[in-house]
Amino acid sequence: LGEQPVGETVRISSKIPLWNPEMGSLVVKFDRGRVTMASSKNFAMFFDGLDDPDPDPSEAVLQFGKTSRRSFSCDYRAPLGALQAFGIALAEFCWKIDEKAS
C-alpha cells in the first residue's frame, strides 16, 4: 500500500465479514491476536480500493474488537490519529447499541 501523502483525502471502509462454515457464522480476521472474543461490535477498516476481498489483517488501518467480557481494544495506524480512531470506534460502538434498542 505504501505511505499515504500528507494532506490528501484518504478513504477507508469496513471489511465485509466472510461466512465461515466451520463456525456457522460471519467472521473477520484480526491482526496480532488482540481481538479474542466474538462480538457484533468487532470491525476492521482498510484503505478503499483494495482488490482483495479477504485482505491481510496486518494491513488494517483500524481494528476494534472485544478482548474480554467488558473490554475492547482499538488499534490504529497512520493516517489516522488517536482522536480519529477513538471517534470512529465510539461511533460504531454507539450505533450498534442504538440498533438493538429499536
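This is a predicted model: local features need pLDDT of at least 70, side-chain atom pairs count only at pLDDT 80 or more; totals for chains, interfaces and linings use all residues.

**The sheet and its contacts**

Residues are numbered from 1 along each chain as its sequence is written, and side-chain values use heavy atoms, with hydrogens and water left out.

Strands here are DSSP runs of E of at least two residues, and helices are runs of H or I of at least four, both numbered from the N terminus. Two strands pair if DSSP finds at least two bridges between them.

Strand β1, residues 12–14, is joined to β4 by three bridges. Three bridges also connect β4 to β5, residues 62–68, and F43 stands opposite F64 there. Between β5 and β6 there are six bridges, and G65 stands opposite S73 in β6.

Strand β4, residues 43–47, is mostly covered, with five of its five residues buried. Buried means under 20% relative accessible area, exposed over 50%, and partly exposed in between, with a 1.4 Å probe and protein chains only.

I turn now to the aromatic rings. The whole structure holds two aromatic pairs. The rings of F64 and F72 are stacked, because their centres are 5.2 Å apart and their planes lie at 5 degrees. Rings of Phe, Tyr and Trp (its six-membered ring) pair if their centres lie within 6.5 Å; planes under 30 degrees apart count as stacked, over 60 as edge-to-face and the rest as tilted. F64 is buried at 8% relative accessibility, whereas F72 is partly exposed at 28%. Together with F43, these two residues form one aromatic cluster.

Finally, how many salt bridges does a search of the whole structure find? It finds three, a salt bridge being a side-chain nitrogen of Lys or Arg within 4 Å of a carboxyl oxygen of Asp or Glu. One of them joins D75 and R34 at 3.0 Å, N to O. D75 lies in strand β6 and R34 in the loop between β3 and β4, so this pair ties together parts that are 41 residues apart in sequence. D75 is buried at 13%, while R34 is partly exposed at 39%.
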